[in-house]
Amino acid sequence: MRAFGLGLVVVALALVGIRAAAAAAPADRARASQSRPVVDARPPTRVSLFGDSLAYQAQATFSAALAESGPVDLHAVTYPTTALCDFRSDIATDLVTRRPQVLVLEFSGNSFTPCMRDAAGRLLDIGSGAWRDRYVEDLRAVLRLARVMDTTVVWATAPPVDHPTAPLDYPRRLAAAVADLAATDGRLRVVDTGASVAAPGRRYARTLPCRADEPFCRDGRVVVRATDGLHFDCHGTPDATMGCSGYSAGARRFGDALARAARER
């Protein structure tokens with residue numbers, strides 16, 4: 001009997017130990033999970049960006065801001081002086097091979113490259129009816145293929161300009177023409193990303209109020225546009241293709257706006 005009693009004590013102690021271990025297990029597991037990095041299991045969102053110099057300047061910020069929202073598979077092709085027609089072939093290839101869920105297009109309305117010439121070989125005048133129709137025609141072609149590939153097309157508007165050799169409202173003229181097309185095609189969304197680098201009333205602004213973490217501020221404001229009235233600022237060293245080795249307050253704001261536009265599906 002004595003041996004039997006000791007056996008019960010041993011069994012009881014063993015059960016207590018099991019319960020204690022079980023009670024401690026959730027806490028141990030919690031500590032272990034906190035020590036392991038969290039892996040986002042969501043599949044990446046396929047996003048494509050095609051654009052001119054403004055998208056080129058803002059591309060780094062766009063990429064970083066987009067990645068913060070979750071996994072992303074980004075394909076970006078941007079270059080100064082270009083128009084939508086310069087990328088028609090590249091966009092078609094991208095739509096067929098990658099099948100992006102979102103295609104972001106940013107073009108202010110350039111007319112400097114061969115594809116913007118009329119039948120007589122003359123470059124279409126920026127702001128003219130023929131200029132507007134060329135952009136709309138190219139966008140219609142993109143939309144036809146995007147519909148087949150089930151891709152949402154986002155037209156990101158350019159900010160206002162202050163450039164004497166071009167109509168001051170030409171980015172707005174182009175945005176209005178695209179908005180008319182969007183009213184008849186649910187595949188297309190127009191997002192006013194240009195407002196992110198504009199004064200109230202969507203007026204041209206050389207400077208804007210500083211953000212809390214922003215350098216290069218004077219009296220609470222920071223330069224956001226270049227002296228040409230078209231491009232973004234460069235607090236550093238600009239290169240020949242409008243890139244900036246340094247900080248650009250305008251490109252940062254515009255890149256963030258492009259990323260928000262890409263996420264709003």
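This is a predicted model: local features need pLDDT of at least 70, side-chain atom pairs count only at pLDDT 80 or more; totals for chains, interfaces and linings use all residues.
Which handedness does the disulfide of cysteine 234 and cysteine 244 have, given the torsion about the S-S bond? The torsion is about 85°, so this disulfide is right-handed.

## Disulfides

A disulfide is a covalent bond between the sulfur atoms of two cysteines. The count for this structure comes to three disulfides. When the bonded cysteines are counted along the chain, the pattern is 1-2, 3-4, 5-6. The sulfur distances are listed below.

| Cysteine | Cysteine | S to S distance |
|---|---|---|
| Cysteine 85 | Cysteine 115 | 2.0 Å |
| Cysteine 210 | Cysteine 217 | 2.0 Å |
| Cysteine 234 | Cysteine 244 | 2.1 Å |

The link of cysteine 234 to cysteine 244, with its S to S distance of 2.1 Å, connects distant parts of the chain, ten residues apart. Cysteine 234 is found in the loop between strand S9 (221-223) and strand S10 (235-238), while cysteine 244 belongs to strand S11 (residues 244-247). Cysteine 234 has a relative accessibility of 25% and therefore counts as partly exposed. Cysteine 244 is likewise partly exposed, at a relative accessible area of 30%.

For cysteine 85 and cysteine 115, the torsion about the S-S bond is about 65°, so the disulfide is right-handed. Cysteine 85 is placed in the loop between strand S2 (72-78) and helix H3 (88-97), and cysteine 115 in the loop between strand S3 (102-106) and helix H4 (129-149); the pair therefore ties together parts that are 30 residues apart in sequence. Are the two cysteines buried or partly exposed? Cysteine 85 counts as buried because its relative accessibility is 14%, where buried means under 20%. Cysteine 115, at 26% relative accessibility, counts as partly exposed.

The link of cysteine 210 and cysteine 217 is left-handed, with -130° about the S-S bond. Cysteine 210 is partly exposed at 23% relative accessibility, and cysteine 217 is partly exposed with a relative accessible area of 32%.

## The sheet and the helices that touch it

In what order do the five strands of the open sheet stand? The order is S2-S1-S3-S4-S5, and the pairing is parallel. S2 and strand S5 (188-191) are the edge strands; each has a single partner strand, so one side of each is left without a neighbour in the sheet. On average, neighbouring strands of this sheet are turned by 20° against each other, direction ignored.

Strand S1 (residues 45-51) and S2 run parallel and are joined by seven bridges. Glycine 51 has threonine 78 in S2 as its bridge partner. Helix H3 packs on the sheet and touches S1, S2 and S3, with its direction at about 175° to that of S1. Helix H6 (residues 249-263) lies across S1, S3, strand S4 (152-156) and S5, and runs at about 145° to S3.

## Aromatic pairs

A pair of aromatic rings is described by the distance of the centres and the angle of the planes. How many aromatic pairs does the structure hold? There are eight aromatic pairs, and two of them are described here.

In one of these pairs, the rings of phenylalanine 87 and phenylalanine 107 have centres 5.9 Å apart and planes at 40°, so the pair is tilted. This pair links distant parts of the chain: phenylalanine 87 sits in the loop between S2 and H3, and phenylalanine 107 in the loop between S3 and H4, 20 residues apart. Both phenylalanine 87 and phenylalanine 107 are buried.

Tryptophan 131 and tyrosine 170 form an edge-to-face aromatic pair, with 6.4 Å from centre to centre and 80° between the planes. Here too distant parts of the chain are linked, since tryptophan 131 is in helix H4 and tyrosine 170 in helix H5 (residues 170-182), 39 residues apart. Tryptophan 131 is buried, with a relative accessible area of 1%, and tyrosine 170 counts as buried at 4% relative accessibility.

Finally, Phe50, Phe87, Phe107 and Trp155 form one aromatic cluster. Phe87 and Phe107 of this cluster are the residues of the tilted pair described above.

How values were computed: Residues are numbered from 1 along each chain as its sequence is written. Side-chain values use heavy atoms; hydrogens and water are left out. A disulfide is a pair of cysteine sulfur atoms within 2.5 Å. Helices (H or I, at least four residues) and strands (E, at least two) are DSSP runs, numbered from the N terminus. Buried means under 20% relative accessible area, exposed over 50%, partly exposed in between (1.4 Å probe, protein chains only). Two strands pair if DSSP finds at least two bridges between them. Axes are lines fitted to C-alpha atoms, for helices over the stretch in contact, and angles run from 0 to 180 degrees between N-to-C directions. Contact means heavy atoms within 4.5 Å. Rings of Phe, Tyr and Trp (its six-membered ring) pair if their centres lie within 6.5 Å; planes under 30 degrees apart count as stacked, over 60 as edge-to-face and the rest as tilted.
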